[in-house]
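Dear colleague,

I am handing over the structure we spoke about, which you will find just below. My notes on what was found in it follow.

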Amino acid sequence: MVGVRLPKLPLGDLADRVSDQLANRLTGRDDVPAAGGGAAPRALPVRPAHEPQRVVLLGGTSDIGLALVRRLGRERPLDVVLAGRPGPRLSEAVAALVAEGHTARAVPLDARAPSTWSPALAEAFGSRGVAAGVPVGPVDVVVLAVGVLPDGKRSWQDPTAAADLVQVNTAAPVALAAEAAQRLRAQRGGALVVLSSAAAVRARSTDFAYGASKAGLDAFASGLREAVRGDGVRVVVVRPGFVRTRMTAGRSAWLATTKEAVADLTVQGLELERDVVWAPPGAQAVTEVLRWAPPRLLRRLRL
Ligand SMILES: NC(=O)c1ccc[n+]([C@@H]2O[C@H](COP(=O)([O-])OP(=O)(O)OC[C@H]3O[C@@H](n4cnc5c(N)ncnc54)[C@H](OP(=O)(O)O)[C@@H]3O)[C@@H](O)[C@H]2O)c1
């Protein structure tokens with residue numbers, strides 16, 4: 001539908017609010033009829049991404065993803081869907097969120113099983129409207145956190161492992177991002193937060209295959225951001241450096257940060273309407289220095 005923009009009249013706040021509401025009526029922006037039709041209550045509008053109500057986490061057991069969900073739900077209980085590989089880890093993550101006062105449920109999603117991708121999102125989004133007399137709002141934020149960090153050497157010496165890395169870190173997330181964006185467009189708003197990596201811009205020589213897999217996702221998400229911007233949908237690319245999580249257990253790095261710090265910076269980025277969030281912010285400067293440093297020096301430092 002073509003967006004309707006009414007001219008703002010110089011009559012102050014009230015006139016602006018009236019013209020905004022009229023524009024919303026004409027575009028149907030916040031007036032989605034309830035399933036079943038009839039004189040049902042108005043459906044709820046999309047909420048600001050830093051103050052969401054409904055959140056979907058793709059990669060439902062991710063340490064960073066769950067820290068972000070908790071940070072988003074710090075002030076109010078959330079309605080959360082955790083999409084991931086069924087098993088004790090996923091069930092425990094749902095139970096922990098419920099124990100903390102949120103509403104949470106799991107839906108099955110496996111990056112290696114394309115047949116699960118679309119159904120996972122269909123189930124996670126559900127239908128917007130009214131259920132049992134209670135308005136069900138749209139999904140406000142989708143967090144895409146699926147990813148693996150396999151052994152760096154195996155990832156380039158074993159072609160099957162290389163292909164698997166691209167399947168889990170690039171092909172599945174790209175497809176999930178594409179479908180999530182379509183669903184957000186259909187509801188005319190919402191934010192997609194994509195967990196990329198500083199390695200997408202410049203990978204360490206020991207983990208270049210991982211960096212390559214993230215670079216593909218990062219480029220796709222960055223293009224997608226511009227493609228859907230006009231539809232009221234935001235795509236935010238998060239580029240963490242080294243974060244101490246299950247993924248990096250047994251590894252160490254200079255400038256390591258925490259999942260809580262990544263979550264704080266991401267919510268700050270959502271509030272400030274940033275397109276890209278580096279975590280920690282210094283990771284951007286380090287990445288730029290490494291990008292432009294002489295290759296001979298980097299070889300010597302094994303970076
Ligand atoms: N930790 C870091 O230093 C760091 C830095 C930059 C970017 N990142 C990115 O941030 C994201 C989250 O990482 P994290 O640190 O929170 O690691 P994590 O706790 O290991 O989370 C990774 C998530 O990916 C899921 N996953 C892996 N393989 C999957 C598959 N085949 N199908 C469905 N889900 C699958 C995991 O689910 P299971 O429980 O089923 O394995 C888990 O939910 C990743 O995309 C990662 O690349 C991490």
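Helix H2, residues 63-72, is the element that gives the most to the shell around the ligand, contributing three residues. Please keep in mind while reading that this is a predicted model. The ligand is surrounded by 28 residues in total, and the closest of them are Thr 61, Ser 62, Gly 147, Thr 245 and Met 247. Sorted by class, that shell holds twelve nonpolar, ten polar and six charged residues.

H2 also takes part in the packing of another helix, H3, whose buried residues pack against H2 as well as against strand S2 (79-84) and strand S3 (103-108). H3 itself covers residues 88-99, twelve in number, and spans 16 Å from its first C-alpha to its last, which is close to the 16 Å expected at 1.5 Å a residue. Within H3, the buried residues are Ala 93, Val 94 and Leu 97; seen down the helix axis they fall within an arc of 95°, so they line one face of H3. The face turned away from that buried side carries the exposed residues Pro 88, Glu 92, Ala 95 and Ala 99. Just after H3 comes Gly 101, which takes a positive phi of about 105°.

If neighbours within four places in sequence are left aside, Val 194 is in contact with Leu 144, Ala 177, Leu 217, Ala 221, Val 235, Val 237 and Val 238.

With best wishes

Notes:
Residues numbered from 1 in each chain as written. Predicted model: local features only at pLDDT ≥ 70, side-chain atom pairs only at ≥ 80, totals over all residues. Near = placed C-beta within 6 Å. Helix = DSSP H or I, 4+ residues; strand = E, 2+ residues; numbered from the N terminus. Nonpolar A, V, L, I, M, F, W, Y, C, P; charged D, E, K, R; others polar. Expected span 1.5 Å × (residues − 1). Buried ≥ 20, exposed ≤ 12 C-beta atoms within 10 Å, placed from the backbone. Arc of directions from axis to C-beta. Contact = placed C-beta atoms within 7 Å.
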